[in-house]
Amino acid sequence: SVSNIVPESCLLIVVGLLVGGLIKGVGEKPPILKSDIFFLFLLPPIILDAGYFLPLRQFTENLGTILIFAVVGTLWNAFFLGGLMYAVCQLGGPGLNHIGLLANLLFGSIISAVDPVAVLAVFEEIHINELLHILVFGESLLNDAVTVVLYHLFEEFATFEQVTIIDIILGFLSFFVVSLGGVFVGVIYGLIAAFTSRFTSHIRVIEPLFVFLYSYMAYLSAELFHLSGIMALIASGVVMRPYVEANISHKSHTTIKYFLKMWSSVSETLIFIFLGVSTVAGHHYWNWTFVISTLLFCLIARVLGVLVLTWFINKFRIVKLTPKDQFIIAYGGLRGAIAFSLCYLLDYKHFGMRDMFLTAIITVIFFTVFVQGMTIRPLVDLLAVKKKQETKRSINEEIHTQFLDHLLTGIEDICGHYGHHHWKDKLNRFNKKYVKKCLIAGERSKEPQLIAFYHKMEMKQAIELVESGGIGKIPSAVSTVSIQNINPKTLPVERILPALSKDKEEEIRKILRNNLQKTRQRLRSYNRHTLVADPYEEAWNQMLLRRQKARQLEQKMNNYLTVPAHKLDSPTMSRARIGSDPLAYEPKADSENLPIITIDPASPQSPESVDLMNEEPKGCAGLPPSPEEDEEGLVMRVKEPSSPGTDDVFTPGTGDSPGNQRMLRCLSDPGPRPEPEEGEPFIPKGQ
Amino acid sequence: SVSHSQITRLYSRFTSLDKGENGTLSREDFQRIPELAINPLGDRIINAFFPEGEDQVNFRGFMRTLAHFRPIEDNEKGKDQNGPEPLNSRSNKLHFAFRLYDLDKDDKISRDELLQVLRMMVGVNISDEQLGSIADRTIQEADQDGDSAISFAEFVKVLEKVDVEQKMSIRFLH
């Protein structure tokens, strides 16, 4: 089919061309991709998405390589291209003679940068192995600093009469300022965001906002001072992520993930379409010599650059880059909309030949995106390049990798060699000792990474089991045991375990079924205020209980497996009630005195697993225990804190409610609409 | 094999650790390294240097153990199929790590051995039961022959996706 051959980016550009052509045909002036809009609104989401979900482990392991490609490679490209184009211009006859060296160098610097948007768009579809992906992608992100510096430098120099050595040296220094400054700004904002997230336990709803807000501010602040905005954005995303993820609720986490994906998708689409439209709309000046030589030299520069640099880098790498890798890296050097926008920003006064530049840039972009983008997939298959392994990280890998980390750190210490592992270990220790305490709320700051990973894994598995209806997929007894075993220490509250007979169960089911409909109409509106403050609620150990509930929940889910899913039991509803954010831990001190009602999800099939914690001793004994524990299986009614760990509107009944009323409130949150491809609500740590 | 300059460097390191100046290192000499003291696996690593039952290790033994961590050279791959496998082959690297888990040397990582390692890595805040469940889960994931322990083959299989050649190599031994 078409989508297998043609990458999405190409199709979008074609659409843009068509739309632009249409508009022009009608006689209107098609809109051009304004640089403001591009840099302020379209680019940041994509970069933030990339930065927030950057696979940190691979990135840091290959940082040296990536930096060399990004900095040295881009510089080489820029100067090589600029120089050669100058030569071409000199020789190119009257049309080109007037273009000076600086203008050419500027042109070179604009077009030399590998574009993250284009790389993402193409590489995402070919599922290449992680090493190559992170190399090309990392390069495209980090070369922004170089591009910014060169661009501003040459732009300014073009207005000077004379360029002195001092200017050049200053320019060289400004590179460090721009890149390190950008990173610094990003780190600051990242830390602020992490710190803020520590206190958001009462306002879970706006947690995602902080992530977006601070990141965007990092970007703007950096751009304001002509520092590298992209690097600021990446730095802030990378820095804030571990701490924010430890602090925020599970739902916020999902929200952030999907919002970022959504925004970046939309941006990407718009960018490519606009590229197409702008092509039609723009003023062009086609000069065969210029354009063809640009294209040629771009390719040559890239190939040469990669070859030479790889030869150099391989001396220092443990795992060398093979020629196949080098080919993919060279071939993956796609140019994109950033180059276009930068060119568009040029001032006509100083750069009269802007149109010609624009035409050349568009040609190069089209060539790289269409030709290289389309052919890279068959080439990857042809060359049998390693593809990405789709499997998730197993607990074994996690444990053994950590084990090996410690081992290698130890060996390095014995050798007296301060290598990669040594510094990583030091950073981890520092992080654990000081930083985590500041930035992560409550007890989670002490949670070892392994445990966190394990929890996430168990949770994910539990959810998957439920969603799949569980039939035939009963986890081995070991897992069940494991879930049961988690946190046996907190068994503070007595549990009344009524025995449920089958008739009672049927009765319960019937009641639920009948009342479900009415319930929805009597729904209280999904009011954000009810999410925040809950006047009835004051318990602070809801966290602990929630954790415990989560454990029991998982246990119940295992038991629940034997119950065929009912229609009412849509995955979304079950998801909506799962663990009301078991990750939103905030273990406050155990204030045992505060009685809490919590109904644990119970499986009808195993009455002995029904747990009921009762606030009023009189309340529950005789009642058919909370009818709601049934159908939804995973219904978890939390009678407490607004602790918006539960964004569900579970209003606590003023106790003594008869079953129906409880059920009413319990079901008041219909939960999110089912998302067709909601597969992984979690992002495993260490990813 | 290792180059001359590296041997020199390692020898000077060896002598700097050897406070007793008798050409061999004892366990105390290793324990004097500060970072090793806070390393969860410190003791086991130290033990790995000492051959069975001995308390002193000479430079040769020192080098031999460290040789496991040499990066695998491209030109070595496939060269010497007939000779003994070099110490820094992937299999031998993994075997080294495996031996650190398997204290009783029965070629299996039992649940207890795994628990011990987990306990060392995770610290004191986690309950035994919780660690137990993690250990169970780990063994369940890896175990293929149903003996509730991880054999070397199973160990290798679980780590097949991990880039051991890179991970277990120290660049300076290159």
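Chain A has 26 helices and 3 strands. Keep in mind that this is a predicted model. Of the 687 residues of chain A, 59% count as buried. As for contacts within chain A at a separation of 6 or more, 84% come from residues 24 or more positions apart.

As a general remark, nonpolar side chains tend to be buried together in soluble globular proteins.

What does A:Phe357 touch, leaving aside its neighbours within four places in sequence? The contacts are A:Ile99, A:Ala103, A:Phe107, A:Phe290, A:Cys343 and A:Leu346.

Some nonpolar side chains are on the outside. A surface patch of about 1100 Å² is made by nonpolar residues including A:Phe160, A:Ile165, A:Phe172 and A:Leu180. Take A:Ile165, which sits in helix 9 of chain A, residues 165–197. Is A:Ile165 buried or exposed? Its relative accessibility is 60%, so A:Ile165 counts as exposed.

Next, the backbone. Most residues other than glycine have a negative phi. A:His127 has a positive one, near 50 degrees. This residue lies in the loop between helix 7 and helix 8 of chain A, and A:His127 is partly exposed, at 38% relative accessible area. In chain B, the phi of B:Ser148 is also positive, near 55 degrees; B:Ser148 is in the loop between helix 8 and strand 4 of that chain.

On to the interface. Chain B and chain A bury about 5100 Å² between them, with 67% of it on carbon and sulfur atoms. Chain B brings 56 residues to the contact and chain A brings 54 residues. B:Arg137, B:Lys161 and B:Lys167 supply 14% of the area that chain B buries against chain A, more than any other three residues. How many salt bridges cross this interface? There are 2 salt bridges. A:Glu458 and B:Arg137 meet in a salt bridge, at 2.4 Å from N to O.

Last, the salt bridges within chain A. Over all chains the count is 15. A:Lys261 and A:Asp49 pair at 3.5 Å, N to O. That pair links helix 12 and helix 3 of chain A, with the two residues 212 residues apart. A:Lys261 is partly exposed, at 34%, while A:Asp49 is buried, at 10%.

A:Asp405 and A:Arg57 also pair at 3.5 Å. Here the link runs from helix 17 to helix 4 of chain A, and the partners are 348 residues apart. A:Asp405 is buried, at 13%, and A:Arg57 is partly exposed, at 27%. Together with B:Lys167, these two residues, A:Arg57 and A:Asp405, are linked in a network of salt bridges.

A:Arg429 and A:Asp425 have their closest N and O atoms 3.0 Å apart. They are 4 residues apart in helix 18 of chain A, so about one helical turn separates A:Arg429 from A:Asp425.

Key. Residues numbered from 1 in each chain as written. Chains lettered and ligands numbered in written order. Predicted model: local features only at pLDDT ≥ 70, side-chain atom pairs only at ≥ 80, totals over all residues. Heavy atoms only, no water. Patch = residues over 30% accessible without salt bridge, like charges linked within 9 Å, V, L, I, M, F, W, Y side chains within 5 Å. Areas by Shrake-Rupley, 256 points an atom, 1.4 Å probe, with all protein chains shown as cover. Salt bridge = Lys/Arg side-chain N within 4 Å of Asp/Glu carboxyl O. Buried < 20%, exposed > 50% of the residue type's maximum accessible area, 1.4 Å probe, protein only. Contact = heavy atoms within 4.5 Å. Buried area = accessible area lost by both parts, 1.4 Å probe.
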